[in-house]
Amino acid sequence: MSPDPRLGRLHEWIKEIIGNVPYTLKPVSGDASFRRYFRLRSEREQYIAVDSPPEKEANKAFAHITHLLEADGLPVPHIHYSQLESGYFLLDDFGDTLLLDTLNPENADTLYNNALEALTVIQKIPAGSLPDYSQQLLSQEMELFRQWFLSRLLAIQLSGSDQELLNQTFTHLRNNALDQPQVFVHRDYHSRNLMQINADWPGIIDYQDAVCGPLTYDLVSLLRDCYIGWPSARVETWALRYKDKLLRHNIISNIENDIFLKWFDLMGIQRHLKAIGIFSRLKLRDGKSGYLQDIPRTLGYIKTVAPKYPETRELADFINEKVSFRPQ
């Protein structure tokens, strides 16, 4: 078995911090990035140890955004120790229970309301120090769908008219995102990045890619989650209740429900195109095939929502006619 030099250096760093005391370091479930997580336990202390290679992960952004969120009272893992240049952290341990693990039709109203209350706090934080969710970034994300899902995973030969359809659709979706009020965006606010902890709000993790971006992005990430689905009518009710929260918190001024829902729906299509591309890339580039099982649900959102709007109706036709996917 090949040595693991980063793990060895992590052990050395831990010993510098806690001293010459016995401890255990056990892997905990990872994510779609290059970061690794371990549960560190000694007789007196317990942390989550993070190995986050600095050449591949945004460690300075993680530390900066942790401090921003923590300053507003949001439940994020406190950074007890860090070595940014090496990409090592010791964080609060929020346990193993994801929001996804506990959601059911009976408790969803309460759990989502708690998560959305926390989101209003996030969206009130000044986002001037964050990168913009720019036209270029929005476009790059949607191109993942064309490159990794259509062309590489499915090996679809796109015609010139197919390419033009995608180009026009991406432009509409990008403009929808840029036309919305721009706020602090977590960028991955969903049931696998929210933890069940002993607090009024869920524990919030995996926010290092935060940007200043569209108002409805985190909302649709949560309510049209790639990992769990709900009836459309219930999702729209939650979305409009959140709009009312935004009004009460003076994050937005009054806006018609149909305009807000269009922002929400088209934002969801942009995000789901991106997610499908990422799931495909995780399989093809990184050998992580587990995310393929989430593509049908994610693609299903697009097939359901896209026919509602003239800007995306042709995308729905294209997917219905030319795209078929079932995970092996």
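**A tour of the salt bridges**

Start by selecting D265 and R224: their side chains form a salt bridge at 2.8 Å, N to O (a salt bridge is a side-chain nitrogen of Lys or Arg within 4 Å of a carboxyl oxygen of Asp or Glu). D265 sits in helix 9 (residues 257–284), while R224 is in the loop between helix 7 (217–223) and helix 8, so this pair ties together parts that are 41 residues apart in sequence. Helices here are DSSP runs of H or I, at least four residues, numbered from the N terminus. Both D265 and R224 are buried, where buried means under 20% relative accessible area, exposed over 50%, and partly exposed in between (1.4 Å probe, protein chains only).

A word on what you're looking at: this is a predicted model, where local features need pLDDT of at least 70, side-chain atom pairs count only at pLDDT 80 or more, and totals for chains, interfaces and linings use all residues. Residues are numbered from 1 along each chain as its sequence is written, and side-chain values use heavy atoms, with hydrogens and water left out.

Next, select E117 and K245, whose side chains meet in a salt bridge at 2.5 Å, N to O. This one links distant parts of the chain: E117 is in helix 4 (residues 108–124) and K245 in helix 8 (residues 232–248), 128 residues apart. E117 is partly exposed at 23% relative accessibility, whereas K245 is buried at 6%.

Now jump to R297 and D294, a salt bridge at 3.4 Å, N to O. R297 is partly exposed, at 32% relative accessible area, but D294 is buried at 5%.

Last stop: select D4, R6, R36 and D51 together, and you have a network of salt bridges.

Note on methods:
Helices (H or I, at least four residues) and strands (E, at least two) are DSSP runs, numbered from the N terminus.
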